[in-house]
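Colleague: Before I use these labels, I would like to see how each one was reached. Please show me the model and then take my questions in turn.

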Amino acid sequence: MATIIGVRFKNAGKLYYFDPGELWPVPGNFVIVETARGMEYGQVITGVREVSEDLITPPLKTILRIANERDARHSEENERFEKEAYQICQRKIEEHKLDMKLVGVEQTFDNAKLLFYFTANGRVDFRSLVKDLASVFRTRIELRQIGVRDEAKMLGGLGPCGRPICCGSFLGDFQPVSIKMAKEQNLSLNPTKISGVCGRLMCCLKYEEDNYEQTRKNMPKIGKDVETPDGFGTVIDLNVLKETVLVRVRKGDSSELKTYPVADIRWFRPPVAATPKPAPDAARNERSKPQQKPVPYDAYPLEVITSDGAFDEDLPTGDDAATEAETADPLYQNEPLTEEIDEDASPSSWQQAVADALRKAHDSSR
């Protein structure tokens with residue numbers, strides 16, 4: 001078991017795990033940690049706990065110390081400096097006439113590195129811009145190109161629902177979202193209705209997808225014939241949230257639309273039979289057996305013995321023998337049903353006549 005602690009560096013950023021060491025910070029405390037970018041100032045989200053070593057990626061970085069008031073003032077100074085660096089970098093981009101949009105600026109806690117995040121339609125040659133920024137700030141400069149979803153996460157905003165966007169308020173990681181999720185939830189496929197402020201599919205489509213998939217497994221498909229308390233009918237529509245089914249109930253020559261709960265209808269569900277798998281040894285033995293080649297019919301010697309014990313040499317061979325054997329069979333000599341059946345009779349009478357005729361033909365063939 002490994003002892004870990006969860007730290008977050010942004011309001012809705014990803015949660016990172018560190019080794020608390022001899023310290024025992026509680027959720028809400030600010031700590032100074034060592035990361036791949038250098039020293040960082042973050043907030044403790046999850047307290048000290050033990051997890052299996054298989055769930056973490058060793059080695060874990062160790063927390064350097066719990067932040068004090070001096071560290072808090074230094075973090076505020078860095079935030080003010082980031083705003084000034086943003087304005088300077090924006091002017092430099094306009095001077096170099098680069099087709100890029102500056103999104104945000106971050107500075108490490110130890111002031112060893114300055115990161116600029118931007119978006120662009122394609123690749124941008126910003127080598128001259130990096131040299132110009134390095135001469136101004138006298139520190140290490142990094143420019144990172146991000147996507148539109150990361151841009152919306154950094155800038156924030158209001159979603160179509162009127163609330164702050166999920167990725168900017170509480171989502172740590174982006175989950176894959178597909179158009180299939182919108183179809184499963186019977187949403188409009190109009191891009192303006194299912195897209196977020198970033199122009200991509202809304203992240204909230206993923207929230208209820210598991211519930212829709214699980215509920216649909218217990219409901220009949222559209223077009224399925226079902227049995228309702230009012231008779232048989234065909235499924236027209238499904239309401240997954242209410243777990244109700246709209247059925248077109250047949251009543252003579254007319255039909256009627258009615259809504260029923262899933263628990264009140266019945267339909268045929270084909271059983272899922274598990275195909276037995278052969279044992280590995282048996283399958284291996286079957287593959288190892290040599291395949292036998294088919295032998296022609298004429299290759300076998302035809303030996304026919306008559307009733308007096310003598311060989312009959314005049315018997316036909318090959319296909320002629322097979323043909324004569326079939327014609328000699330009494331089953332082939334019997335004529336088909338010769339009894340006439342009255343089709344105008346009632347269904348029960350002519351069905352009984354067919355059954356009697358079949359039974360009579362079967363007895364005569366014995």
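Modeller: What follows is a set of questions on helix packing, backbone angles and salt bridges. This is a predicted model, in which local features need pLDDT of at least 70, side-chain atom pairs count only at pLDDT 80 or more, and totals for chains, interfaces and linings use all residues. Residues are numbered from 1 along each chain as its sequence is written, and side-chain values use heavy atoms, with hydrogens and water left out.

Colleague: Why are H1 and H2 called oblique to each other?

Modeller: Helix H1 (residues 69-96) and helix H2 (residues 127-137) pack at an angle of about 140°, with axes 10 Å apart. Angles under 35 degrees count as roughly parallel, over 145 as roughly antiparallel, 65 to 115 as roughly perpendicular, and the rest as oblique. H1 and H2 are therefore oblique.

Colleague: Which residues of H1 and H2 meet?

Modeller: Contact means heavy atoms within 4.5 Å. From H1, the residues include Phe81, Ala85, Ile88 and Cys89, and from H2 they include Leu129, Leu133, Val136 and Phe137. By class, the contact of H1 with H2 has nine nonpolar, two polar and three charged residues.

Colleague: What makes the phi of Lys97 worth a remark?

Modeller: Phi of Lys97 is near 55°, a positive value in a residue other than glycine. Lys97 lies in the loop between H1 and strand S6 (101-107).

Colleague: Why does Lys97 count as exposed?

Modeller: Buried means under 20% relative accessible area, exposed over 50%, and partly exposed in between (1.4 Å probe, protein chains only). Lys97 has 75% relative accessibility, so Lys97 counts as exposed. Asn111, which also has a positive phi, of about 60°, is at 33% and therefore counts as partly exposed.

Colleague: What makes the pair Asp71 and Arg65 a salt bridge?

Modeller: A salt bridge is a side-chain nitrogen of Lys or Arg within 4 Å of a carboxyl oxygen of Asp or Glu. For Asp71 and Arg65 the N to O distance is 2.9 Å. Asp71 is buried because its relative accessible area is 6%, whereas Arg65, at 33%, counts as partly exposed.

Colleague: How many salt bridges does the structure hold, and which parts does the pair Arg216 and Glu184 tie together?

Modeller: The structure holds 15 salt bridges. In one of them, Arg216 and Glu184 have their closest N and O atoms 3.2 Å apart. Arg216 lies in helix H7 (residues 209-216) and Glu184 in helix H5 (residues 179-184), so the pair ties together parts that are 32 residues apart in sequence. Salt bridges that share partners also join Lys10, Arg37, Glu40 and Glu106 into one network.

Notes:
Axes are lines fitted to C-alpha atoms, for helices over the stretch in contact, and angles run from 0 to 180 degrees between N-to-C directions. Helices (H or I, at least four residues) and strands (E, at least two) are DSSP runs, numbered from the N terminus. Ala, Val, Leu, Ile, Met, Phe, Trp, Tyr, Cys and Pro count as nonpolar, Asp, Glu, Lys and Arg as charged, and the others, Gly among them, as polar.
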